[in-house]
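Hello,

Here is the structure I promised to pass on. My notes follow below it.

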Amino acid sequence: MNMRFEVTPNLCIGCRTCELACSFTHTIEGKQARSRIYPLDGGLKDLWVPVVCLQCDDPACVKSCLVDAIKFNVDTGAYEIDDEVCVRCMACVAACPFGCSLFDSHQNRVVKCDLCGGDPACAKFCPTQALTYKSALSHAG
Amino acid sequence: MINISINGRLVQAEEGEFLLTVMKRNGFKAPALCHHEAVEPYGGCRLCMVEISKPQWKGWKDLVVSCLYPVSADLEVQTDSEAVIQERKTVLHLLLARNPHTKEIKDLAAEYGIVRSKYQEVAEPDDCILCAICTRICDAMGFSAISLVNRGHGREVAPPLNEPPPDCTGCLACALNCPTNYIKYTDNGMTREIWGKTFEMLRDPQTGMPTITRVFAEYLTKHREIPEEYFGLGDESHRKRTARNFGKIAAWTREETVREEA
């Protein structure tokens with residue numbers, strides 16, 4: 001895992017392009033998905049905070065899952081929900097302290113940010129570089 | 001890695017992997033009602049039956065349930081041969097005799113051209129096919145609140161002694177994963193009732209949206225070390241609070257204070 005998804009709220013202009021990109025990227029059988037990223041009001045003038053899964057080190061969603069449906073993907077650094085294993089008990093939705101594990105009622109499944117399998121669409125469409133996906137090594141330098 | 005052939009196509013698999021898993025991964029379909037990835041395969045519905053053979057078997061063939069059959073080298077699989085279809089039709093006739101009014105069973109039988117069972121229908125049919133997905137998931141989650149009870153004609157899914165189960169947390173996993181929607185529950189946002197037990201729902205104080213039952217949250221706090229306060233808010237309020245928290249960090253560098261939430 002040498003790539004990192006970075007959110008820089010100061011650069012966000014609240015255009016919600018990321019929401020659209022997310023929703024359309026995760027379309028299944030023509031049904032648009034619930035967006036997994038939410039640009040919300042940060043409570044200051046011109047401050048928008050794109051709230052998205054932080055891929056925590058010790059995630060509450062994984063701890064709360066009683067059937068081990070949420071697995072860490074070593075290649076992308078994302079925790080992914082295996083929809084075939086998920087039993088829809090909503091434990092992770094209730095447990096996530098950032099509210100980033102969501103129930104998609106249209107697709108009838110629990111969803112969370114999976115970094116699009118290593119190529120996040122929101123970062124590609126963000127016009128202001130508030131969302132970026134880049135090498136963790138280049139950031140250190 | 002070994003090579004096996006499914007309907008004449010060569011696919012790769014790990015030795016000992018179950019056949020249905022290999023078939024699904026490679027896009028081959030077989031009907032299955034008792035299969036759920038969260039629990040071990042069960043071989044209960046007998047619908048994922050396929051025909052297998054090997055070159056060294058000199059033309060002998062065998063019918064196996066693919067969900068429980070570990071693959072080995074040189075296996076030749078036919079998923080829709082004449083014998084398989086016959087076998088599936090028999091199973092569907094039996095299922096249809098047990099559940100003549102169940103939509104999912106009727107739809108599946110119709111795919112194989114069966115409208116009415118050739119066997120005598122049971123006197124008081126219900127929608128349960130005894131696949132045990134509900135009880136197996138309940139076991140896998142660590143509750144074991146319900147189980148299959150009695151034998152023969154009287155076999156059914158039930159809580160212990162047919163009383164409200166003490167170990168049930170009202171997570172609804174049994175009802176939501178039932179392939180025939182047999183397990184009934186009511187949920188009005190304030191309370192939830194299943195297996196004759198009534199649960200209080202936790203609700204977001206700001207939006208009023210229900211999250212999970214109080215008993216389930218207490219279970220997760222006790223056994224999975226999720227802090228109790230995480231269950232105090234719903235997901236929407238959690239996100240709003242996260243945004244405000246970032247706002248507070250940003251406020252350190254600005255001559256401004258974070259606005260109160262509307």
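How many residue pairs are in polar contact between chain A and chain B, with both at pLDDT 80 or more? The count is seven. Keep in mind that this is a predicted model.

The interface, then. Chain A brings 36 residues to the contact and chain B brings 39 residues. About 3,200 Å² is buried between the two chains, and carbon and sulfur atoms give 62% of that area. Of the area that chain A buries against chain B, 21% comes from A:Leu44, A:Leu66 and A:Val87, more than from any other three residues.

Three salt bridges cross the interface of chain A and chain B. One of them joins the side chains of A:Glu84 and B:Lys24, at 3.7 Å from N to O.

Several elements of chain A each supply at least two residues to the side that touches chain B: strands E2 (38-41), E3 (48-51) and E6 (101-104), plus helices H2 (60-64) and H3 (91-95). H3(A) gives the most, with four residues. By type, that side of chain A has 24 nonpolar, six polar and six charged residues.

B:Gly232 sits in the loop between helix H6 (214-224) and helix H7 (235-251) of chain B. Its relative accessibility is 35%, so B:Gly232 counts as partly exposed. Leaving aside neighbours within four places in sequence, B:Gly232 is in contact with B:Arg203 and B:Pro205. B:Thr211 is 21 residues from B:Gly232 in sequence, and 9.5 Å from it in space, C-alpha to C-alpha.

Best wishes

Terms used:
Residues numbered from 1 in each chain as written. Chains lettered and ligands numbered in written order. Predicted model: local features only at pLDDT ≥ 70, side-chain atom pairs only at ≥ 80, totals over all residues. Heavy atoms only, no water. Contact = heavy atoms within 4.5 Å. Buried area = accessible area lost by both parts, 1.4 Å probe. Salt bridge = Lys/Arg side-chain N within 4 Å of Asp/Glu carboxyl O. Polar contact = N/O pair within 3.5 Å; in protein donor to acceptor, adjacent residues only side chain to side chain. Nonpolar A, V, L, I, M, F, W, Y, C, P; charged D, E, K, R; others polar. Buried < 20%, exposed > 50% of the residue type's maximum accessible area, 1.4 Å probe, protein only.
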